[in-house]
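Open the model in your viewer and keep the selection tool at hand. The stops below come in order.

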Amino acid sequence: MKRTFASLFILAVIAPSLAFATPVKKMKPNVAPLPIEEAAEPAPPNDLFEPVNRATFALNDGIDALIVNPLVAVWNGIVPSFVRTGVGNFFNNLDDIYVGANHLLQGNGSRAAVDFQRVAVNTTIGIVGLVDVGAKMGLNKVDGDFGQTLGVWGVPTGPYLILPLIGPSTVRETAGRTVRIATDPRTYMDAVPSYSLMGLEYLQTRADAKANEGLIAASSLDRYVFVRNLYLQKRSLMVKAGLEASKSRQAAK
Amino acid sequence: MCFRQWIRPFAGIVAFLAALVLSHAYADAPSPDELVRKLAAEMTSAVRSDPDLQNPGSVKISDFVQKNIVPRFDFERITQIAMGRNWAKANPAEQKQIVAEFSKLLTRTYSNAIATLKDLDVEVKSTRVVAPNADVTVKTQMIGRPQPVAIDYSLINGPGGWRVYDVSVEGISLAAAYRDEFAGLVAQSGVSGLIDALKKKNGG
């Protein structure tokens, strides 16, 4: 999730700049600007627990300032970038197993095949996932998780939630996350390797998201609302993509 | 008589010239996707060849953005999308103020990001026509990061030529991202509350 935010806002801005560097000759202008359709106005977000969420959001900010940000600074400061990339790739490779499993559960076998090919290539040629060889072969990583699968199955998101340490979620996504944790081998390891691996993944994820978090803070008027909007847009897009994949398969049958 | 004989070839020349100018203008007016492709190439090469543009704090960046990028954005339409129904609640003077402050916020926050263009490239994938010659979405992919990022530009053809009125990153709309914030502020403290919040954010 955080990874996605990672590509998000920086690029959102650069890209327009890229695109329109020089003044261009006009085409035949149309008479009046097209009206903005009111129908496109979405329903307000379901944030039943907003007061509690805002308190947890503030708590997370406090934990970030006290513990996470200094750790991220050390991590980015002393660990060479190729090691950080390797660590990110390693956890992405483990994640791809779950992504593939979820695409299977969503009935999207062709995408699951790509996910599992990635795992096969990256685990072997990519040295236990440290190098993302798959991406270089044109097998790109996509997101996928059990929360999305539940959405594809028709389970509504339920109210928005802010989880301690983790951040934005919803009732459905929290259920998905619980299943993920229950099926994660790390949950059943001894305490030391288990917490080290989980801690490392957490640190890497947070370090990755740092630049975007800064951009979000700089561009938002009410950061809580801004983050909620981005998170819910992202989750609904994931479910929509899953549903479209299953629809196009039915049409093909 | 004499005049008519004279005017005929002249009219022919005028018609010919007009046709020439028109066809020339037509050839010169690129389709939005060609526009995005051409400008992306120009922009990345500008950043690559000028070290000042790679330095996030540089004054040159804001000049560059003001001159080359801001004119290509339809900030009024972006603001209208972000405000939704509340746009009609603001009087024309307030609308003008909101557009000015919001465009300042967007320009200020995102200007420094152009430095990262040094290592990135934009590929135009396809164009979706919403309304012919009036409203299109150009789908692009930003490459040069571990994962390609899908970025879509929505453009509208108005008196100022084609201008961007929304940018989506991996499907997430920038204009829509502000909707809940704007709606919340208007519900809480009215249109003037929104203006105050924008001004405060801009440090004014």
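Select helix α4 of chain A, residues 109–124. This is a predicted model. The helix has 16 residues, and at 1.5 Å a residue it should span 22 Å.

Which residues are buried here? They are A:Arg111, A:Asp115, A:Arg118, A:Val121 and A:Asn122. These residues cover an arc of only 135° around the axis, so they sit on the same side of α4(A).

Now turn to the face of α4(A) pointing away from that buried side. Exposed residues A:Gly109, A:Ser110 and A:Thr124 are carried there.

Next, colour the partners. The buried residues of α4(A) pack against three elements of chain A: α3 (81–105), α5 (133–136) and α9 (223–252).

Move on to the strands. Select residues 160–163 of chain A for β1 and residues 167–170 for β2. The two run antiparallel and are joined by four bridges. Within the pair, A:Leu161 stands opposite A:Ser169 of β2(A). Together β1(A) and β2(A) make a hairpin, with three residues between them. Pick A:Leu165 in the turn: its phi is positive, about 70°.

Read from the N terminus, the order is α-α-α-α-α-α-β-β-α-α-α. Colour by burial: 35% of the 253 residues count as buried. Then draw the contacts with a separation of 6 or more; residues 24 or more positions apart account for 68% of them.

Terms used
Residues numbered from 1 in each chain as written. Chains lettered and ligands numbered in written order. Predicted model: local features only at pLDDT ≥ 70, side-chain atom pairs only at ≥ 80, totals over all residues. Pairing = 2+ DSSP bridges. Buried ≥ 20, exposed ≤ 12 C-beta atoms within 10 Å, placed from the backbone. Contact = placed C-beta atoms within 7 Å. Expected span 1.5 Å × (residues − 1). Arc of directions from axis to C-beta.
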